[in-house]
Amino acid sequence: MASLGSGTVSAPYAVAIALLMLGLYTMVAHRNLLKKFVGMTIFQTAIILFFLALSAKRDATLPILPEGPVDARLYVNPLPHALMLTAIVVMVATAGVALAILIRLYARYGSLEEEAIVEPPPEAR
Amino acid sequence: MPGGEQLPILPVAVLLTAAVLAPIVGLVAPRATWGLAVLGGGVAAVTALAGALRVVAHGPQRYAVGGWPPPWGIEVVLDPLSAFTAAVVTGVTAVTLLTSGPAVLATGDARAPTFYALALLAEGGLVGLVVSGDLFNVFVFLELAAIASYALVASGGGPALAAAFRYLLLGTVGASFYLLGVGLLYAATGTLNMADLAARLADAARPLVAGGAAFVLVGLAIKMALFPLHAWLPEAYTHAPAPVAALLAPVATKAAAYALARVLLEVLRPEAPPVGALLTAAGSAAILVGGLQALRQTDGRRLLAYSSVSQLGYVALGLGLGTPVALVGAYLQVLAHAVAKAALFVAAGAVAARGGGVRVGALDRAMPRTAACAVAAGLSMVGVPPTGGFFAKWYLLQGALEAAQPLVAAVVLGGSLLAAGYVYRFTERLWVGTATPTAGDPEAPACVLAGLVALAVAVVGVGLGNAVIVERLLLPAARGAAGG
């Protein structure tokens, strides 16, 4: 496994970090819960990009191994891809639950703005 | 015992199977899902206990999932610490599943199967992350438990929806930080197996390891609601339906605390010292701020939630000190607090079942047996001998004094004073008030009482039996972690 920087492609790391910051900022700065959710998704996607960047090598090909001895430097590292497949499943499940909660919030409060939700609803018991 | 080598994975397999069966059983007999959950939780507790006994008798147990040997495959490890934590999580949850029945079945036949499927999934995730020996696998189980928990909290409707969404946002940020940290550690060492990673850390690039460690620890600190990253906890456990709070509050944060302990002490040991001081400071702040906040609350469940923030501070403080005695205190606190907090949340649920919410002082003399169990649990929170809480705090105090940190020792004692204050407030009406007259007998149903009594007995039992637990499981775990 190559360490960061040596033999790996470095531009994706910069993009991943930029997306990470953008997602986190969106989550903090916006007061609309749906926008917070969008920020969260960008944030998670950035991490996936980061892992995929880890596996990338210059001039490497798909890790489908032929018979006989293999030079690992010629192949992309498949492990981060396998990990991210699982992480995407986790992400989709989180998104499903988040959207379900948002739909119920909207049905109850008629808005997804934080101010409208934090206050007790008009028909409070 | 034949098949004993598969004990480490058995509780997880049982719980996840039961979680899948719950909706299917629910199609035919919705009310039977409660029985299924109790059965699944009970079997998981028994197998986890058997695993712990096997660890005591034969030493750590390792199991390669699917027959793939580590470090390539995922490894499941039962060592003294994980066996202890798995037994705590499954044991306490088995009791809270039993007590959840009346409240859950009252919500209707349509909702009971969903509730139990999610509850079993959440518990399976928590136990899975405890026994896992693989960093990425921990993330998967952490999220399995978390996603089920978000849905469970949201099932309260109304204010619980907003609380669940906040919990989801912060929980996901925590998990994502953890994942990013794991990515950096993988980049530094090329492995995800904890034992393998610990061995390779010495020749890894230091900036990568330090960055990875920081992300992993902050992520887990969010999950364990360590002050000042605790914002999600009071909201979520105040508005969650009563049985959900009783199920999750005692164990969910403990499993995350366990993961923090494992990664900090056994994987990143060389990086630990600067983190240790920070953890002790955060833990001390949590004890004081959580305790003061709990004192100010008028809602009984919010009071209990803030007291969780405070009591988790003790765990962080012990982990931060890092000496064998302090670690024993932290581990024992996990057990003592899980049992006591389960009893208190179940009691709060019994109060809520009378209607009229859980205001401070709603627990009164009309339900003497529930109140007696809650008081026993409350005494453990304060740290009155011979309860488990006393011994946990005793070890922590000893650890703080051994480390020549009188200020930390003072915080340990001050936290007990605060706990005495908020436990008094929670039980106020028992001492100075009269019972609110209600139609019929307001005392909790038999199965809830049985669970409460079991928890109250455990509160005292942990105290009286602490020497055995500490010598057989906790001291070996702490010695191994502290490198002594």
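Predicted model: local features only at pLDDT ≥ 70, side-chain atom pairs only at ≥ 80, totals over all residues.
**Entry 1: salt bridges across the A–B interface**

I then looked for polar contacts between the two chains. The count is one residue pair, both at pLDDT 80 or more.

I asked which elements of chain A supply the side that touches chain B. Helices H1 (11–29), H2 (33–55), H3 (79–109) and H4 (114–118) of chain A each give at least two residues. H3(A) gives the most, with 17 residues. By class, I noted 29 nonpolar, five polar and four charged residues on that side of chain A.

Next I took the size of the interface. I found 38 residues of chain A in contact with 32 residues of chain B. The two chains bury about 2900 Å² between them, and 86% of that is on carbon and sulfur atoms. In chain A, Val90(A), Ile101(A) and Arg104(A) lose the most area to chain B, together 16% of what that side buries.

**Entry 2: chain A by itself**

I counted four helices and zero strands in chain A. The order from the N terminus is α-α-α-α. Of the 125 residues in chain A, 36% are buried. I also checked contacts between residues at least 6 apart in sequence: in chain A, 55% of them join residues at least 24 apart.

**Entry 3: salt bridges within the chains**

I searched the whole structure and got ten salt bridges over all chains. Side chains of opposite charge can pair when their charged atoms come close.

I started with Arg31(A). Its side chain meets that of Glu114(A) in a salt bridge of 3.3 Å, N to O. Glu114(A) is in helix H4 of chain A and Arg31(A) is in the loop between H1 and H2, 83 residues apart. I read Glu114(A) as buried, because its relative accessibility is 17%, under the 20% cut-off. Arg31(A) is at 44% and counts as partly exposed.

Arg31(A) also forms a salt bridge with Glu115(A), with the closest N and O atoms 2.6 Å apart. This pair is 84 residues apart, and Glu115(A) too is in helix H4 of chain A. Glu115(A) is partly exposed at 40%.

In chain B I looked up Glu143(B) and Lys223(B). They form a salt bridge, closest N and O atoms 3.1 Å apart. Glu143(B) is in helix H5 (residues 135–154) and Lys223(B) in helix H8 (residues 206–223) of chain B, 80 residues apart. Are these two residues buried or exposed? Glu143(B) is buried, at 2%. Lys223(B) is buried as well, at 10%. Back in chain A, salt bridges that share partners join Arg31(A), Lys36(A), Glu114(A) and Glu115(A) into one network.

**Entry 4: Thr191(B)**

I found Thr191(B) in the loop between helix H6 (159–189) and helix H7 (194–200) of chain B. Thr191(B) is buried, at 4% relative accessibility. Its side chain makes a polar contact of 2.9 Å with the side chain of Asp196(B). A polar atom of the Thr191(B) side chain also lies 3.3 Å from the backbone nitrogen of Asn193(B). Beyond four places in sequence, the contacts of Thr191(B) include Pro71(B), Tyr186(B) and Arg200(B).

**Entry 5: helices of chain B**

I checked H4(B), residues 112–131. It reaches 29 Å, close to the 28 Å expected. Of its 20 residues, 18 are buried, so H4(B) is largely enclosed by the rest of the structure.

H13(B), residues 324–352, should span 42 Å, and its end C-alpha atoms are 41 Å apart, which agrees. I noted 27 of its 29 residues as buried, so H13(B) is also largely enclosed.

Definitions and conventions: Residues numbered from 1 in each chain as written. Chains lettered and ligands numbered in written order. Heavy atoms only, no water. Contact = heavy atoms within 4.5 Å. Buried area = accessible area lost by both parts, 1.4 Å probe. Polar contact = N/O pair within 3.5 Å; in protein donor to acceptor, adjacent residues only side chain to side chain. Nonpolar A, V, L, I, M, F, W, Y, C, P; charged D, E, K, R; others polar. Expected span 1.5 Å × (residues − 1). Buried < 20%, exposed > 50% of the residue type's maximum accessible area, 1.4 Å probe, protein only. Salt bridge = Lys/Arg side-chain N within 4 Å of Asp/Glu carboxyl O.
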